[in-house]
Amino acid sequence: MEILKAIFFGIIEGITEWLPVSSTGHMILLDEFIHLDVTSEFYKLFEVVIQLGAILAVVIMYFKTIFPFGFGKSKQDTKDTFNLWGKIIVACLPAAVIGILFDDWLDAHLYTPLVVALMLIIYGIIFIVIETIGLGKNTTDDINKITYKQALGVGAFQLLSLIPGTSRSGATIIGGLILGLKRSVAAEFTFFLAIPVMAGASLLKLLKYIMDVGFVFKASELVILGVGSLVAFIISVLVIKFLISYIRKHDFKVFGYYRIILGILVILYFMMIK
């Protein structure tokens, strides 16, 4: 039964990590209905570490783009790749600093269903408004044309995702659109930002777990981690392909409507159970 639960968590992680609908918010809500029979310390580790499966999907799918050598790359291509990583690092700095400083406070005060629901609704409305009025010139049509100023701006928007329910991909895509990135470029840059951000978050949670519990895992816990990560990887590959194909012909309004509906349902649900 716990393996089946881990599979379901992996599916939800793989879908919601890349779509702008908040993976953290969905995981918090999922835990209300399908609770893993593990310690609270291990669950906090689990919900972050399975993101490594999602990260691996990006690394494999975009390996040629993010790896600076080989694949017939010229010196200019290699230079462009290092330059891209420079922008990724710049964009990650704001959230990395604030996240490390306030991680415990955020966990204690903001990881609630009400906060998740409100952020789902608020950013759903923002998506609809941005797409309706066409905010942003969308002139940056290539990942290598992103400027350091735009990268830092996207990183500033990524700070918003520290509030659960916001969505890391949602916040960075919104920032990218406002700062002039085309939808496909904003989405790809969001994928690349996930590599250091999610790897860092997983490492931080692992270190905290080791400090609190020690490097001790039951065989069942290792299986749950492995299954959840594997499923998140497989689903992520499918979802990333879908999203890139989808946004070539459509805007993000549908995700805005989904967020609003889900947020309202969450509020109604928790009002009823109280």
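Which residues does phenylalanine 252 touch, not counting residues up to four places away in sequence? In this predicted model, local features need pLDDT of at least 70 and side-chain atom pairs count only at pLDDT 80 or more, whereas totals for chains, interfaces and linings use all residues. Residues are numbered from 1 along each chain as its sequence is written, and side-chain values use heavy atoms, with hydrogens and water left out.

With contact taken as heavy atoms within 4.5 Å, phenylalanine 252 touches Pro20, Phe127, Glu131, Ile173, Leu177, Arg183, Leu243 and Ile247, residues up to four places away in sequence being excluded. A nonpolar core is defined as a set of buried Ala, Val, Leu, Ile, Met, Phe, Trp, Tyr and Cys residues joined through side-chain atoms within 4.5 Å; buried denotes under 20% relative accessible area, exposed over 50%, and partly exposed the range in between (1.4 Å probe, protein chains only). The largest such core holds 50 residues, of which Trp18, Val58, Phe189, Phe191, Phe192 and Phe252 touch the most other members. Two or more residues are given to this core by each of several helices, including H4 (51-61), H6 (75-109), H7 (113-133) and H10 (183-212), where helices are DSSP runs (H or I, at least four residues) numbered from the N terminus. H10 gives the most to this core, with 10 residues. Apart from this core lies another, of 16 residues, among them Ala6, Leu30, Leu36 and Val49.

Glutamine 158 has its place in helix H8 and counts as buried because its relative accessibility is 1%. The contacts of glutamine 158, again not counting residues up to four places away in sequence, are Ala91, Cys92, Ala95, Arg168, Ala171, Thr172, Leu193 and Val197.

The structure holds four salt bridges, each defined by a side-chain nitrogen of Lys or Arg within 4 Å of a carboxyl oxygen of Asp or Glu. One of them joins arginine 168 to glutamate 17, with the closest N and O atoms 3.7 Å apart. This pair links distant parts of the chain, since arginine 168 lies in helix H9 and glutamate 17 in the loop between H1 and helix H2 (23-33), 151 residues apart. Arginine 168 is buried at 10% relative accessibility, as is glutamate 17 at 4%. Lysine 5 forms a salt bridge with glutamate 2, the closest N and O atoms being 3.2 Å apart; because these two residues are three apart in helix H1 (residues 2-16), they are separated by about one helical turn.
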